Structures are given as C-alpha cells and as structure tokens.
Amino acid sequence: MGSDKAVQSAGKAGALSEEDRVFLQEVVERDRAEHHGRLSYMDIMFDLEHHYGNSLPGAVLGEVARLVGAPASQLNGFVTFYTMLSTEPRGQHVIRVCTSGPCHVTGAPSIVAELKRLLGVELGETTSDGMFTLEASSCLGICGVSPALMIDDDAYGNLTSGDLPRILAAKRAGGAQ
Ligand code: FES
C-alpha cells in the first residue's frame, strides 16, 4: 500500500498531490508497456486499490481518465460494474464471502451470519477500527471448496463457522492463515 499521505490527500481533500500524479502516471505507463501499447483497466484499478487503501477515490479516477484519454464516466462505469472494486472507503482488509448457489447450499448463510456477529457489522460495512470490510460476492471460482471466501488476495475454502475466529485473528496479526 502507498503512503498514508497519498491516501489522505486523494481520498479526503478530493485533490491530488504531486506525488499522487507522478504515481498515477507511472502506473498507467507501466500498464501500457506491459500490454504492448494497450491498457488493462482492471490491472490498473487493482494496482490503485492496493495503493489507496482498497478504494478508488474520485480524484484518482479523474486523473486516470485524463491520462488514458477516456471520459471519467467510462472509468466510473467500469469501477461500479465490478463488485471487487469500490469508490467508497473500505477497511484495511476486504472480506468477500461467496453467496452464489454452490456456496449458499453448503453453508454460506451461516458463514455470513457468524462474520457479522464476530465483526459487529452488516454486509457492506467496515469495522470501527478500520480493519475489515465485509462484503458478499458472486462466485469466486473455487466452488470445489465451498463454502468459500477471500480476504484480500487469500482464498479460504471448506469453511465452518469455527474456522473464522482463527482466520480473522491471523489477518489482524498480519498473516494469511
Ligand atoms: S459458488 Fe462460491 S466459489 Fe463458486
């Protein structure tokens, strides 16, 4: 993740620092080089989400739109289409619980209920300490180990409610398991 200064300037004041502008230009140019002159909006957005604390501030999207020569509305439309991307501030870790069919029938509702209880939040909310945002997700592509969830880039499957305190504690401590 990037500096707190960058996150604060872009996310709260709605204006970009020179550091932000340089960083955004570097991200776009690197992506263009990696894709041989074309652009992958998804790769760019993932890079920016990691840098800006799991969200994509409007000022950031506006500057990226300018850099890639696209209307800001097009980038906003892209971000709002994909549930893994967000323009809203989110926690340090984003928990995505799969609620699609196979996970639903193997226990996703009880996993969601237990996460709500443990974290004290509803779906779409962030814990008061800013550590976790809890979200429902469509299929994560790991149906063979349903019910499943992802926290950031780490996948967890064959879950029971009893697994959750250990997983959350490890994340709080900075680990993946
Ligand atoms: S249905 Fe849950 S991972 Fe595919």
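This is a predicted model: local features need pLDDT of at least 70, side-chain atom pairs count only at pLDDT 80 or more; totals for chains, interfaces and linings use all residues.

Reader: What makes up the secondary structure of the chain?

Author: The chain has 8 helices and 4 strands, in the order α-α-α-α-α-β-α-α-β-β-β-α. Helices (H or I, at least four residues) and strands (E, at least two) are DSSP runs, numbered from the N terminus.

Reader: Why is the chain called as compact as a globular protein of its length?

Author: Its radius of gyration is 17 Å, close to the 16 Å given by the globule rule for 177 residues, so the chain is as compact as a globular protein of that length. The radius is taken over C-alpha atoms, and the rule is 2.2 Å times the number of residues to the power 0.38. Along the principal axes, the C-alpha trace spans about 45 × 30 × 25 Å.

Reader: Why is alanine 169 called exposed, and how is asparagine 158 classed?

Author: A residue is buried if 20 or more other C-beta atoms lie within 10 Å of its own, exposed if 12 or fewer, and partly exposed in between, with C-beta atoms placed from the backbone. Alanine 169 has 10 such atoms and is therefore exposed; this residue is found in helix α8 (residues 164-172). Asparagine 158 has 13 and is therefore partly exposed; its place is the loop between β4 (154-156) and α8. The two residues are 11 apart in sequence and 18 Å apart in space, C-alpha to C-alpha. Across the chain, buried residues make up 28% of the 177 residues.

Reader: What makes the backbone at histidine 36, asparagine 158 and proline 147 worth noting?

Author: Most residues other than glycine have a negative phi, and most peptide bonds are trans. Histidine 36 has a positive phi, near 55°, and lies in the loop between α2 (18-34) and α3 (41-51). Histidine 36 has 6 other C-beta atoms within 10 Å, so this residue is exposed. Phi of asparagine 158 is also positive, near 50°. The peptide bond from serine 146 to proline 147 is cis, with omega near -5°, and proline 147 is in the loop between β2 (132-137) and β3 (149-151).

Reader: Why are α7 and α8 called oblique to each other?

Author: The axes of helix α7 (residues 108-119) and α8 come within 11 Å and cross at roughly 50°. Axes are lines fitted to C-alpha atoms, for helices over the stretch in contact, and angles run from 0 to 180 degrees between N-to-C directions. Angles under 35 degrees count as roughly parallel, over 145 as roughly antiparallel, 65 to 115 as roughly perpendicular and the rest as oblique. The pair α7 and α8 is therefore oblique. Glu114, Leu115 and Leu118 of α7 and Leu164, Pro165 and Leu168 of α8 make the contact, where two residues are in contact if their C-beta atoms, placed from the backbone, lie within 7 Å.

Reader: How do you know that α4 is oblique to α5?

Author: Helix α4 (residues 58-68) and helix α5 (residues 72-81) pack at about 125°, with axes 8 Å apart. That angle makes α4 oblique to α5. In this pair, Leu61, Gly62, Val64 and Ala65 of α4 meet Ala72, Leu75, Asn76 and Val79 of α5.

Key:
Residues are numbered from 1 along each chain as its sequence is written.
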